Amino acid sequence: MQIILGCDTSCDDTTVGIIRGLDHTEILSNVKFSQDIFSIKYGGVVPEVSARSHLEEIKPTFLKALNVADIKLSDIDFFACTVGPGLIGGLLVGSTFIKTLAKLENKPFIGIHHLEGHIASCRQKPPFLALIISGGHSLISLYDESLSFTTVCNTLDDSAGEVFDKIGRIMGLPFPAGAHIEDLATQAQIFFPIPKITHGRLAFSFSGLKTKCKQMLEKGINAADVAFFLQESITSHLVDKLRMAVELTGIQKISVCGGVSANKYIRKELSSNFNCFFPSLELCTDNGAMIALAAKDKILLKQDLKKYFEEFSSKCLS
Ligand code: KG4
Ligand code: ZN
């Protein structure tokens with residue numbers, strides 16, 4: 001069975017994952033070196049610090065992924081890595097390292113778009129709508145059978161994850177703050193009215209919400225109540241825009257992915273409104289296995305296309 005290695009170094013985590021099998025795919029390893037310790041120290045991701053850490057950690061992370069998967073370098077059939085978008089330092093470290101391995105082993109290298117990785121983490125067959133909610137992105141895209149995506153709703157300003165992180169920082173929570181805000185929200189006692197954001201437009205906007213939460217905290221409103229207000233406002237905004245996207249495209253099936261899709265409250269609310277699919281929790285935030293899964297989808301598509309053209313040309317010749 002074919003073995004694919006995937007790597008993502010587009011932001012603050014050095015990640016390598018290994019999967020086996022094109023049809024029945026098994027994740028053999030999914031190793032992550034988290035840079036949270038630096039992000040906590042500096043209050044966010046510092047590109048130069050992050051790039052240097054990727055450089056130090058890429059080799060040990062790769063060796064650990066091989067070790068956990070219990071395979072040798074020569075067992076790998078395809079090498080895949082995120083080639084964008086992301087922080088340029090990290091992207092260069094990851095893609096150069098993985099391309100070098102592919103060259104040494106004389107095996108194919110497959111460059112992957114970071115969002116294709118998140119989309120593949122849901123392990124669903126297209127067509128579907130992909131709601132990608134992470135620290136870097138908040139968008140709804142139509143993902144079709146040719147594995148290309150057309151964005152129907154994007155953010156006008158911040159991403160959903162960014163708002164969780166920035167409000168969490170004001171509250172004194174560790175970075176990244178999303179999961180901590182989720183925990184805090186369970187202790188809320190006072191429930192504030194939820195605003196309608198970008199009413200009637202197919203676009204996300206989160207920056208007004210950030211300002212509103214900041215003002216609530218400055219007024220002395222309890223952090224747990226603000227946490228619930230923030231989480232509920234984001235959820236209601238996502239539901240509102242998903243409803244519009246479903247109406248526009250006629251597509252009911254929705255894959256929800258990206259770090260924020262780990263939020264249990266958001267999962268529950270989206271599932272009660274739509275036909276939703278989510279990644280397993282370990283595949284929500286950036287990871288190498290999702291890049292290997294996206295590469296696997298591309299390999300399968302190429303095989304299908306090859307078969308189609310062979311059948312087509314043999315029909316033409318006969
Ligand atoms: O997908 P990801 O690892 O990185 C990007 O591609 O941006 O997403 C990280 C984001 C962070 O903003 C983090 O706060 C958020 O995902 N996140 C959550 C939860 N777990 C992670 N947000 C809300 N609730 C969670 N449980
Ligand atoms: Zn991501």
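In which sense do β6 and β9 pair, and over how many bridges? They pair in the parallel sense, over 4 bridges. Before I go further, note that this is a predicted model.

Let's stay with the strands. One place to look is Leu-131, whose bridge partner in β9 is Val-256. On to the next pair: β9 and β10 run parallel and are joined by 3 bridges. There, Lys-253 has Asn-275 of β10 as its bridge partner. As for how covered β9 is, 4 of its 5 residues are buried, so the rest of the structure largely encloses this strand.

Now the antiparallel part. β6 pairs with β7 in the antiparallel sense, over 6 bridges. These two strands form a hairpin, with 4 residues between them. You can find Ala-130 opposite Ser-141, which is in β7.

Ile-140 has Cys-153 as its bridge partner in β8. The hairpin of β7 and β8 has 5 residues between the strands. Leu-147 lies in that loop, and its phi is positive, about 65°, although Leu-147 is not a glycine. Why does Leu-147 count as buried? Because its relative accessibility is 12%, and the cut-off for buried is under 20%.

Why point out a positive phi at all? Because most residues other than glycine have a negative phi, and most peptide bonds are trans. There is another case in Asn-106, with phi near 55°. Asn-106 sits in the loop between α3 and β5. At 70% relative accessibility, Asn-106 counts as exposed.

On the peptide bonds, Gly-84 and Pro-85 are joined by a cis bond, with omega about -10°. Pro-85 is in the loop between β4 and α3. The bond from Phe-175 to Pro-176 is also cis, with omega near -10°, and Pro-176 lies in the loop between α5 and α6.

Next, the inside. As background, nonpolar side chains in soluble globular proteins tend to be buried together. Here the largest nonpolar core has 43 residues. Among the members that touch the most others are Leu-131, Leu-230 and Leu-238. Which element gives the largest share of this core? That is α8, with 12 residues. Other elements that give two or more residues include β6, α5 and β9.

Take Leu-238 as an example. Setting aside residues up to four places away in sequence, Leu-238 touches Leu-131, Ile-133, Phe-204, Phe-206, Ile-266 and Leu-270. Apart from this core lies another, of 21 residues, among them Ile-3, Cys-7, Ile-58 and Ile-98.

One loop residue while we are here: Thr-198, in the loop between α6 and α7. Thr-198 counts as buried, at 16% relative accessibility. Beyond its neighbours within four places in sequence, its contacts include Leu-156, Phe-204 and His-237.

Now the cysteines. How many disulfides does the structure hold? The number is 0. Cys-7 is buried, at 0% relative accessibility. Cys-284 is in no disulfide either, and the nearest cysteine sulfur, in Cys-122, is 7.9 Å away. Cys-284 is buried as well, with a relative accessible area of 1%.

Last, the metal. Which residues coordinate the zinc ion, ligand 2? They are His-114 and His-118, each through NE2, and Asp-286 through OD, at 2.0 to 2.1 Å. In sequence these donor residues follow the spacing H-x3-H-x167-D. His-118, in helix α4, and Asp-286, in the loop between β10 and α10, are 168 residues apart, so to speak a link between distant parts of the chain. Both His-118 and Asp-286 are buried.

Technical notes. Residues are numbered from 1 along each chain as its sequence is written. Chains are lettered from A and ligands numbered from 1 in the order in which they are written. This is a predicted model: local features need pLDDT of at least 70, side-chain atom pairs count only at pLDDT 80 or more; totals for chains, interfaces and linings use all residues. Side-chain values use heavy atoms; hydrogens and water are left out. Donors are N, O and S atoms within 2.8 Å of the metal (3.2 Å for Na, K and Ca); water is not among the atoms, so sites may look incomplete. Buried means under 20% relative accessible area, exposed over 50%, partly exposed in between (1.4 Å probe, protein chains only). A disulfide is a pair of cysteine sulfur atoms within 2.5 Å. A nonpolar core is a set of buried Ala, Val, Leu, Ile, Met, Phe, Trp, Tyr and Cys residues joined through side-chain atoms within 4.5 Å. Contact means heavy atoms within 4.5 Å. Two strands pair if DSSP finds at least two bridges between them.
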